[in-house]
Amino acid sequence: MTAPLPDRHPEGHDRPDRPPRPAPGRLAFFLAYLQIGLSGFGGANAWARRVLVEERGWLSEQEYAEYLGLAQILPGPNALNCAVMVGDRFHGAAGAALALLGILGGPLVPLLGIAGLYARYGSEPLVVGALDGLAAAAAGMTIGTALKIATRLRPSLALAAVGACAFAAVGLLRLPLLAVVLALAPLGILAAWAAPQRGPGR
Amino acid sequence: MTGGTLALLVQLALTFAPLSLVAIGGAIAVLPEIRRQVVEVRGWVAADAFMDLFALAQAAPGPNMMVVSLIGWQVAGLAGLAVATLAMVGPPALLALALGRLRARFAGLAWVRVTQAGLIPIALGLNLASGVVLAQAAHQGAVTLALALGTTLFVWLTRWSPLWALAAGAIAGMAAA
């Protein structure tokens, strides 16, 4: 799930004791993002941090948190936005393309296999039943994940109200998404500004 | 490639690219809108098939946005997959490229953190809305309703991998078929 988990980095703790990290070559970098894409279940962001910061040591904790923070103020999947920025840092626009190719290309192979099976067996009664059950569970997973992050964040009353409005406007009233986002984004930012002591990560 | 296919691919790109720019927190946030466009407005994908693709994408490894790739594939095969994926990824990626290059100027600034904190509840609200809309669009029956509720509670309140609940959903659905 690429839902926006807050970055929980210790503020400004770049480890000065570490040796300078060599920038990765293109192939090593691509393979790292291939691994991140294929491990994606449970949040590609968590895996990206683990691979880039802990395993390879190409980025410091602080640098990764900065990229993720910027990725979260942009539209689109956070993990992909982050991949673009990290790729660009090491190998320019080509690096950004390599990161995207890795994080999307890896999972594409199993996904195409699944799509092929679906095209072939999708109308078998047992498969239809399994997919009905899976879809209901997947919808529940989407709801449960959002609730889990929301309860963990313990937002201020104003921020919670903004979130509730977004839910009600799109989920219950079925208002147009663009209008809802444009109307609520300034309110959310205002609410966050008014409650700076309860920013991301608590 | 026939003119009809090309026109379809262009329409696909024009449907997804604008949505990519309001996908706060990721593609799941815009999934109800995508569903409205491809199922109700354009009639490209049957309602049942849309839910099947959502289910398969959630159960497969990879970023959540790949449900969009599957929808593109359903609409226009491999070319559709490529176009839908690029349309969903491209516009935000260009923004990310630009913002990333200004990182030194922006990172750590108070307004970035405030903006981030202010958008997170919106992303969560939209994801919650997507879950509810998709649950309503799923097959309606006592078993599927129980599965949606059960998975919600399982994912919300336990630390177990959601894959267990998805597997249970598929098995229960098969048993009920």
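**Annotated spans, confidence and the A–B interface**

In the predicted model, residues 6-31, 73-99, 106-126 and 138-157 of chain B carry the annotation "transmembrane region" in an unreviewed UniProt entry. Two of these spans were examined for extent and secondary structure. Residues 6-31 of chain B are 62% helix and 0% strand, with end C-alpha atoms 24 Å apart. For residues 138-157 of chain B, the end C-alpha atoms are separated by 23 Å, and the span is 80% helix and 0% strand.

Chain B and chain A meet through 93 residues of chain B and 91 residues of chain A. On the side of chain B that touches chain A, two or more residues each come from helix 2 (31-41), helix 3 (47-59), helix 4 (66-101), helix 5 (103-106), helix 6 (110-137), helix 7 (142-157) and helix 8 (162-176) of chain B. Helix 6 of chain B makes the greatest contribution to this side, giving 24 residues. The composition of the side of chain B that touches chain A is 63 nonpolar, 25 polar and 5 charged residues.

Among the elements of chain A, mean pLDDT is lowest in helix 3 (residues 61-72), at 85, and highest in helix 6 (residues 157-172), at 94. By contrast, pLDDT is below 50 over residues 1-17 of chain A, a stretch with 47 contacts in the model beyond near neighbours in sequence. Residues 198-202 of chain A also stay under 50, and the model has 14 contacts for them beyond four places in sequence. Where pLDDT is low, predicted coordinates should not be read in detail.

Methods
Residues numbered from 1 in each chain as written. Chains lettered and ligands numbered in written order. Predicted model: local features only at pLDDT ≥ 70, side-chain atom pairs only at ≥ 80, totals over all residues. UniProt positions renumbered as here; feature names shortened; annotations may be inferred. Helix = DSSP H or I, 4+ residues; strand = E, 2+ residues; numbered from the N terminus. pLDDT = per-residue confidence, 0-100. Contact = placed C-beta atoms within 7 Å. Nonpolar A, V, L, I, M, F, W, Y, C, P; charged D, E, K, R; others polar.
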